[in-house]
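Hi there,

Here is the structure I promised to pass on. Have a look at it first, and my notes on what turned up follow below.

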2 protein chains.
Amino acid sequence: MTNKTTIYDIANRLNLTAATVSRALNNNPRISKATKKLVLETAREMNYEPNKLALALKKGRSNNVGVVVPYINHSFFSTIIRGIEEELHPKGYHVIISQSHEEEDREGQTIKSLLNAQVEGILISVSRSTKNTEHLNEVVQKGIPLVFFDRKKDINGVSSVIFDDYQGGYQATKHLIELGCSRIAHFSGDRSLEIYQDRYQGYVSALKDHGKEPVQDLVLEIRSTAEDGIQAIKSQMALKNPPDAIFSSTDYGALGAITWLKNNGFNIPSDIRVVGFSNEPFTEFMDPPISSMDQSPLEMGRKAAQMFLEQVGKKSAWKEKRIVLPPNLIVRKSSS
Amino acid sequence: MTNKTTIYDIANRLNLTAATVSRALNNNPRISKATKKLVLETAREMNYEPNKLALALKKGRSNNVGVVVPYINHSFFSTIIRGIEEELHPKGYHVIISQSHEEEDREGQTIKSLLNAQVEGILISVSRSTKNTEHLNEVVQKGIPLVFFDRKKDINGVSSVIFDDYQGGYQATKHLIELGCSRIAHFSGDRSLEIYQDRYQGYVSALKDHGKEPVQDLVLEIRSTAEDGIQAIKSQMALKNPPDAIFSSTDYGALGAITWLKNNGFNIPSDIRVVGFSNEPFTEFMDPPISSMDQSPLEMGRKAAQMFLEQVGKKSAWKEKRIVLPPNLIVRKSSS
């Protein structure tokens, strides 16, 4: 038999509407038990093979996949989510998103809520403050696929797709050195977070590889806001020996620095060169346009979703995978 | 008895751990029926009053509230979501977010998924393409609180908090007229959407009230992207009689226009004045900073969340409320 039985065939046989058959197969409370029994028996008799989606519904599965990010209002994260949806939507999955606000507690509650909502998988970029991984272990223990993107914890069997932050920091710094900069300041993020630590290490290595010693006065930890960038550049330019270049770990820090520098009569790039990180969309439209490190967020989202798709349904024995995406420096007028 | 019984008191009495008591009260499958019975009886005996959150869990409630927006990557929507979370998080609710991508079908699936996830309410900004409201009616019929923000449909009993788009369009245009502009172009969004229609109507009324006839050549419908803004300004400046001001219904359109104008040697504001709409954070940092219409997204989110809180729990007879937030023009260098 080449033609597959559909719900329409069952409906015809039983003189029911297709909607009623579908509801009966999906165990809808509006359908009587007797009708459900009849429909199920007939479906079996006719070798009805429901599609994957309907099957999932019958099994009480939600088709929901949870995505947890620190904040949705960073283009980097919202673009990753776009990549995830582009992979999962055609497969019948629906993405529900939660923000951890960089708080471990909220991340834990979020995971709990998503498990309550019967998600079939969780894709997460771990919050800055998360030390304890119990809430993440719980997901694994329940046999629900967990995938890390951008920021990960080391948990056995959990796959991840991250960005090569060390190389990103290295290349941004090397770019400035090759342009002749001799005092390169670094606006770092909170270095208890691996990504910022790695960018900082890349910066330090690039300096050393080019015969320069890192200067502690030129390294500042700031939050990812224009306001913090303004404070940081102010303190840097007040140094007896101010920097001739800034490598900022975030585009927002670079934005703040450039705003202050312009307002105070400095020319960019001739007085001071600036490189940001993440290639936020606004960087292209600034005056001057800001050089930045593209992190391929769309690809990161897609790869994370693919990892989920490989795991879902396999209750055991999937192989932990680690993908590291290479950096791509976008050179614009702020640095050259 | 002033001291309230806690799960620790019950645990002590029964020589169980607090975790076990909590699980038993929450009907966790890991706890045996006998233990559950014992714990429940003891809890009753000791006048245990669980807190609201635990009570909700016992009743099988999710504490999840669904928020549906067209896109998360517009600061306007992500700020509304921040406002919603600021109200709901302290009350023990967890916000899960979905994107409709401006597609009616996806909005319908989203609503279905959120209902599957047992959300206790849905706050939604309706997609641009949504004509049919069946999926929204279904939420109401299930007795689940539904609240509209920014973009609404007329459904009986559904409260809404929206922005006064007509006044926004009126005031932006009046501002440009008062600065002496005589040919004011309007980059409108898709006017099948009420908000863009209202902004356009405000623009038309302001012109007429000041003795000017709207000129059809100066009104263009564009998407909310910098690329569309660039195409639109190109075609406008190619007119025999080009405009001396642009009122764009979106900041992205204004951004594109300014980028093209600067690249083509025009001075802003002396050659042409530009006003955007939504007060996206980048507008403040552009060169020149862009005048824009602030829509109080944080307040919009808070009010929408308050409307939900007023309704939740009341299975019937809540009163439909409509809040309209007033516009607030932020004048920056791009216009004056």
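A salt bridge here is a side-chain nitrogen of Lys or Arg within 4 Å of a carboxyl oxygen of Asp or Glu. By this rule the count over all chains comes to 39 salt bridges. Please keep in mind that this is a predicted model.

One of these pairs is inside chain B: the side chains of B:Glu87 and B:Arg302 form a salt bridge, at 3.9 Å from N to O. B:Glu87 sits in helix α5 (residues 75-88) of chain B and B:Arg302 in helix α13 (residues 297-311) of chain B, so this pair ties together parts that lie 215 residues apart in sequence.

Now to where the chains meet. Between chain A and chain B, the count is 4 salt bridges. Among the salt bridges that link the two chains is the one joining the side chains of B:Lys262 and A:Asp287, with 3.2 Å from N to O. The contact draws 31 residues from chain A and 32 residues from chain B. The size of an interface is often given as the accessible area lost when the parts come together. For chain A and chain B, the buried area is about 2,800 Å², and carbon and sulfur atoms give 58% of it.

I also looked at how some helices of chain B pack. Two packed helices are described by the angle between their axes and the distance between the axes.

Take helix α10 (residues 226-237) of chain B and helix α11 (residues 251-263) of chain B: their axes are 7 Å apart, and the angle is about 55°. α10(B) and α11(B) are therefore oblique to each other, and α10(B) passes α11(B) in a right-handed crossing. On the α10(B) side the contact includes B:Ile230, B:Ile233 and B:Met237, which face a group in α11(B) including B:Leu255, B:Trp260 and B:Leu261. The residues of this contact divide into 9 nonpolar, 3 polar and 1 charged.

What angle do helix α6 (residues 104-116) of chain B and helix α7 (residues 134-141) of chain B make? Their axes cross at roughly 20° and come within 9 Å, which makes α6(B) roughly parallel to α7(B). The contact is made by B:Glu107, B:Gly108, B:Ile111 and B:Leu115 of α6(B) with B:His135, B:Leu136, B:Glu138 and B:Val139 of α7(B). These residues divide into 4 nonpolar, 2 polar and 2 charged. Here the crossing of α6(B) past α7(B) is left-handed.

Note on methods
Residues are numbered from 1 along each chain as its sequence is written. Chains are lettered from A and ligands numbered from 1 in the order in which they are written. This is a predicted model: local features need pLDDT of at least 70, side-chain atom pairs count only at pLDDT 80 or more; totals for chains, interfaces and linings use all residues. Side-chain values use heavy atoms; hydrogens and water are left out. Axes are lines fitted to C-alpha atoms, for helices over the stretch in contact, and angles run from 0 to 180 degrees between N-to-C directions. Helices (H or I, at least four residues) and strands (E, at least two) are DSSP runs, numbered from the N terminus. Angles under 35 degrees count as roughly parallel, over 145 as roughly antiparallel, 65 to 115 as roughly perpendicular and the rest as oblique. A crossing is left-handed if the near helix is turned anticlockwise from the far one by less than a right angle, and right-handed if clockwise. Contact means heavy atoms within 4.5 Å. Ala, Val, Leu, Ile, Met, Phe, Trp, Tyr, Cys and Pro count as nonpolar, Asp, Glu, Lys and Arg as charged, and the others, Gly among them, as polar. Buried area is the accessible area (1.4 Å probe) that two parts lose on being put together, summed over both.
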